[in-house]
Amino acid sequence: MRARKNGADFMENLLLSLRCVTPMFLILCLGPLVRRFRIISEDSVHDLSTLSFRALLPCLLFYNVYSADLRTAAQPGLLAFLLAWTLGWFLLGCVLFTLTVRDPRRRGAFLQNVFRSNIAVIGVSLAQSMLDAQWVAAVAVSVSVLVPLYNVLAVVTLETCRGGRLDWKKIVKNILTNPLILACVLGFLCLLLDIRLPEPVEKAVSNVGSAGSVTTLVALGASFRFDGLRQNLRPVLFGTVLRLVISPLAAVTLAVLLGFRGGALGVILICTASPTATTSYPMALACDSDHELTGQLVVATSLFCSLTLFLWIFLLKQTGLL
């Protein structure tokens, strides 16, 4: 009887894990097909990404925070862990790659890959399939806290690696004008002040946000480029394993030891096991970092994250931690 129950639990967890990652994987695969059959032009891929970043995705984040239960969405202990983890992992990466990577341009690419995960796109989409509404809102809140930190650390990393001076005014300006951050702040204000939108407006924002989740993943898939992967195969493989396996392994292990379980552990997994942020590439290009390696790391981690996330979710379900 117990063996039958264990077998049933195994299949249930397996199917649940597949249901979590399969929609995201299929939508990502749609992107290269859209580009391959020239449904949209090469220039339109960039325009689609811009539209998603500046309009659609902010609506999604705003609605997730706006419609949340504040008592469950605001998790001080969870946010403190994520902030401390990001800073600690970044500092550890600085030490590791300063000692092992002589080329400062390549060092900047590896460092961005260490701490900068794509939680605003992959994370939010995965949370909608994987977690309850209250924890989806917690992911949105985490995005509003972590994205500014990612931006600051990325600028510090890239400017330091190319020997430049840090322009703190520019950093603060970029944070204050980031559409994702503004959307989360606006959602918080509406939530705290109990401001409710008219029902038609609320419905429209919800629909646009739903479109943003899909459109952003399609744009990400359509932007995949495989040129030069063969020349950088070893560093790309190392960076992919570091981003998708070693980082979540260390973070989840520490979180479990500190007592995180259930939805909170799911949020930590999403924030630490997501692929390298797509915004790493344009920043690497602008700051004279190794943009080719950065782009290849974005592509490789985005492709393999469906497999690794499936395995992580299944493992945590099987152990009863998630």
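What percentage of the 322 residues in the chain do buried residues make up?

## Overall build

In this predicted model, buried residues account for 51% of the 322 residues in the chain. The chain contains 14 helices and zero strands, so that, read from the N terminus on, its elements run α-α-α-α-α-α-α-α-α-α-α-α-α-α. The radius of gyration is 19 Å, close to the 20 Å that the globule rule gives for 322 residues, and the chain is therefore as compact as a globular protein of that length.

Along its principal axes, the C-alpha trace spans about 55 × 55 × 45 Å. Among the contacts with a separation of 6 or more, 86% are made by residues 24 or more positions apart. The chain exposes about 15700 Å², and carbon and sulfur atoms supply 65% of that area.

## Salt bridges

A search of the whole structure finds two salt bridges. In one of them, Asp 288 pairs with Arg 105, and the closest N and O atoms are 3.7 Å apart. This pair links distant parts of the chain, since Asp 288 lies in the loop between α13 (280–286) and α14 (291–318), whereas Arg 105 belongs to helix α5 (residues 104–115), 183 residues apart. Asp 288 counts as partly exposed, at 45% relative accessibility, and Arg 105 also counts as partly exposed, at 32%.

The other salt bridge joins Arg 106 to Asp 290, with the closest N and O atoms 3.4 Å apart. Here too the pair links distant parts of the chain, with Arg 106 in helix α5 and Asp 290 in the loop between α13 and α14, 184 residues apart. Arg 106 is partly exposed, with a relative accessible area of 23%, whereas Asp 290 has 8% relative accessibility and therefore counts as buried.

## Cysteines

A disulfide is a covalent bond between the sulfur atoms of two cysteines. A search of the whole structure finds zero disulfides. Cys 161 is in no disulfide, because the nearest cysteine sulfur, that of Cys 94, is 7.8 Å away, while a disulfide requires the two sulfur atoms to be within 2.5 Å. Cys 161 counts as buried, at 13% relative accessibility.

Cys 305 is likewise in no disulfide, and the nearest cysteine sulfur, which belongs to Cys 29, is 10 Å away. With a relative accessible area of 0%, Cys 305 is buried.

Note on methods:
Residues are numbered from 1 along each chain as its sequence is written. This is a predicted model: local features need pLDDT of at least 70, side-chain atom pairs count only at pLDDT 80 or more; totals for chains, interfaces and linings use all residues. Side-chain values use heavy atoms; hydrogens and water are left out. A salt bridge is a side-chain nitrogen of Lys or Arg within 4 Å of a carboxyl oxygen of Asp or Glu. Helices (H or I, at least four residues) and strands (E, at least two) are DSSP runs, numbered from the N terminus. Buried means under 20% relative accessible area, exposed over 50%, partly exposed in between (1.4 Å probe, protein chains only). The radius of gyration is taken over C-alpha atoms; the globule rule is 2.2 Å times the number of residues to the power 0.38. Contact means heavy atoms within 4.5 Å. Accessible areas come from the Shrake-Rupley method with a 1.4 Å probe; for residues, only the protein chains shown count as cover.
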